[in-house]
Amino acid sequence: MPGDASRSAAAVWAILRKECRSEWRTRWGLNAALLFSVTTLTAVSFAVGRMPDRSDVLSALLWIVLLFASLASLAHAFVREVEGHTLSVLRLVASPTEIALGKLLFNLVFLLVLEIVTVPLFLTLMGAPPPRWGAFTSVLLLGTVGLAAAGTLIGALIAQTRSRGALFAAVSLPLLLPVLAAAVSGTRAQWAGGAIDAQVRMLASYALGVIAVSLMLYDHLWEE
Amino acid sequence: MSVAAAPLAVCALSLEARSLAHRYGSRRALERIDFTLEGNGVTAVTGPNGSGKSTLLRIIAGLLRPSEGEARLAVHGRTLCAGERRLGVGLAAPEMAFYEELSVEENLRFAAEARALSGAAARVATALQRVGLTARADDRVAALSSGMQQRLRVAFAILHAPPLLLLDEPGGHLDDEGRAAIERVIAEHAQSGHVLLATNDEREWRLAGRRIPLRGRGLGDPS
Amino acid sequence: MIARALLFVWIACAITAGFLWAPLVPVLGETTRVFYFHFPAALVTCLALGWSMVHSVLYLRSRDLVHDDHAAAAAELGLLFCVAATVSGSMWAKAMWGAYWNWDPRETSIFFLMLIYGAYLALRASIEDPVRRARLAAIYSSIAFVAVPFLVFVVPRIYFSLHPDPLINARGKPDMDWRIMVSAGAMLVGFTALFFWMLTLRVRVGRLARRLEDEAA
């Protein structure tokens, strides 16, 4: 028999593949999120025009677009299970922690796909290529992990309330704000040519902290 | 953790409910109950609508944390902890739905892979054949009739050859041929494990060697 | 009854002392008086948040709904003190800094606390079943516990604060007249007692409501 760890890894991997396949078949989650962020982007770009030399505005706008895309899409992974009445089946085949980790990975992949489309578009429309791609990408990636980690846990909570999706933005915002603050500050520093060590450390420790505490809490997620 | 793959023939199983009760808020869903099941066989849980048959099965399956008491499940003399429970039981209940955008086969494949079962493809094929759903394996779940979905639930429950099979209203929506298939599944499983049926249908509880009547008030008392 | 009357007299005396007995700080002038409300309210806000989070963790461990009552009541009262601290601080900021709101790091952190309290209570309000509500709220509270140090201590480090250090200055010595410190300390004791008195009331109400439901069922 495989050991517990490889067993759990198999479950997480199976859930991730199931999520991707379901999403690929229906595509409305990804389509809605892509349309949403492209619309926001166009509106923002149209309203402020090209401003390659305003790094403070640029970094704030970029992360507001990403934050809103996350708020609009991260709760989806769990809400879909509850609304389709498939949560019982899922809970019978995997432990709460395996389910939550599978969903976390899926949300991460989801956000990355979103960013592959959104971020280049943003940089082009604003006419501001980042001076240091390494610094820019590391802040972007760590920020994404932070958003996905906090969003996944709150999404699992929200899916069990009466209002489901409607409450997600309000309840997850306090947990996403540290990510927003550090990521905006890091992105701005990167454009301005300053050091980003402090922001990278903060993003990494926040993401790690949220994931570590989540691992202790996942077991309590579903009991009915 | 060899529970799921243990050969059924040697499964010594015992299920013990000790002052088990459940309530949702102030509404009693399951009146206090004590019972013990041991060895192979078929047992039926009966009682009026709202007496807590489904609630009892969900507690035993580990999906619901009871408000009072506990339901202990032991296989080979070893008590399964909360995390192992889902490996030792197979549940088919009417409120369970499958992923509509995936096919019947993909749904079961997913269940087998998430449980890290060996030989997933063969297990899926056998389970489908036992409930008579082989011909519809490649259809999307969204296209299944309610009777077909009920067969899929039973296939899902027996997929990992659990020592304890929990069937909630197993004959619901089924035609005669479907009922015959489910009765065969129950009879075969009773040779090597235990089947717990929740039903008020006489055709079904007649299959059982023992009945556990629930005393719940059902619809008799609106509170 | 006597305890309640004592608490009333105590807070009244502390307010009187702050207004009539304690001297004014030179630069701050009459706005010194805000301190006697602002400082204890802000500290009790943090105390209430901590109380709520500790009881959330205790609930997840023990599954005793009394802990949930504590967590919920502390959060409700915490929001009340948080609003008091924010409003009093904002009035002081208008007088000293020229605007009610400046996104000063201290203002930012208390705003975050208010958001967390608000989100916690909004989450609670949207779940009907008491057991589920207790469990999900406790999970939220535990995860918010990770965010609080970042919001309150780390994020403001990135910015520069104009907020006066409460009691200890840069040299590590009290920089205030002892009469100011006595008055503020008395107010802190009064506010803390007020918080715990209201907390026990809420917890008792919660327990009685549950017993009433039990008997009805």
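In this predicted model, residues 167-173 of chain C form a stretch over which pLDDT stays under 50, and for these residues the model has four contacts beyond four places in sequence. Where pLDDT is low, the predicted coordinates should not be read in detail. Among the elements of chain C, the highest mean pLDDT, 93, belongs to helix 2 (residues 35-62), while helix 5 (residues 130-158) has the lowest, 84. For the complex, the predictor gives an ipTM of 0.90 and a pTM of 0.89.

Chain C has six helices and zero strands, so that, read from the N terminus on, its elements follow the order α-α-α-α-α-α. Of the 217 residues in this chain, 37% are buried. Among its contacts between residues at least 6 apart in sequence, 76% join residues at least 24 apart.

Chain C also touches its neighbours. In its contact with chain A, 26 residues come from chain A and 25 residues from chain C. On the chain A side, the elements that give two or more residues are helix 7 (133-158), helix 8 (168-192) and helix 9 (197-217), and helix 8 of chain A gives the most, with nine residues. By class, this side of chain A divides into 16 nonpolar, seven polar and three charged residues. In the contact between chain B and chain C, seven residues of chain B meet five residues of chain C. Here strand 1 (13-24) and strand 2 (27-38) of chain B are the elements that give two or more residues to the chain B side, which by class holds one nonpolar, three polar and three charged residues.

Within chain B, strand 7 (residues 164-168) is mostly covered, as five of its five residues are buried. In a regular strand the side chains alternate between the two faces of the sheet. Both faces of strand 7 of chain B are covered, with L164(B), L166(B) and D168(B) buried on one side and L165(B) and L167(B) buried on the other. Strand 7 of chain B runs parallel to strand 6 (residues 89-92) of chain B, to which four bridges join it, and L91(B) stands opposite L166(B). Five bridges join strand 7 of chain B to strand 8 (residues 194-198) of chain B, again in parallel, and the bridge partner of L165(B) in strand 8 is V195(B). From strand 7 the chain crosses through helix 6 (residues 176-192) of chain B to strand 8, in a β-α-β crossover that is right-handed.

Notes. Residues numbered from 1 in each chain as written. Chains lettered and ligands numbered in written order. Predicted model: local features only at pLDDT ≥ 70, side-chain atom pairs only at ≥ 80, totals over all residues. Buried ≥ 20, exposed ≤ 12 C-beta atoms within 10 Å, placed from the backbone. Contact = placed C-beta atoms within 7 Å. pLDDT = per-residue confidence, 0-100. Nonpolar A, V, L, I, M, F, W, Y, C, P; charged D, E, K, R; others polar. Pairing = 2+ DSSP bridges. Right-handed = clockwise from strand over helix to strand, strands pointing away.
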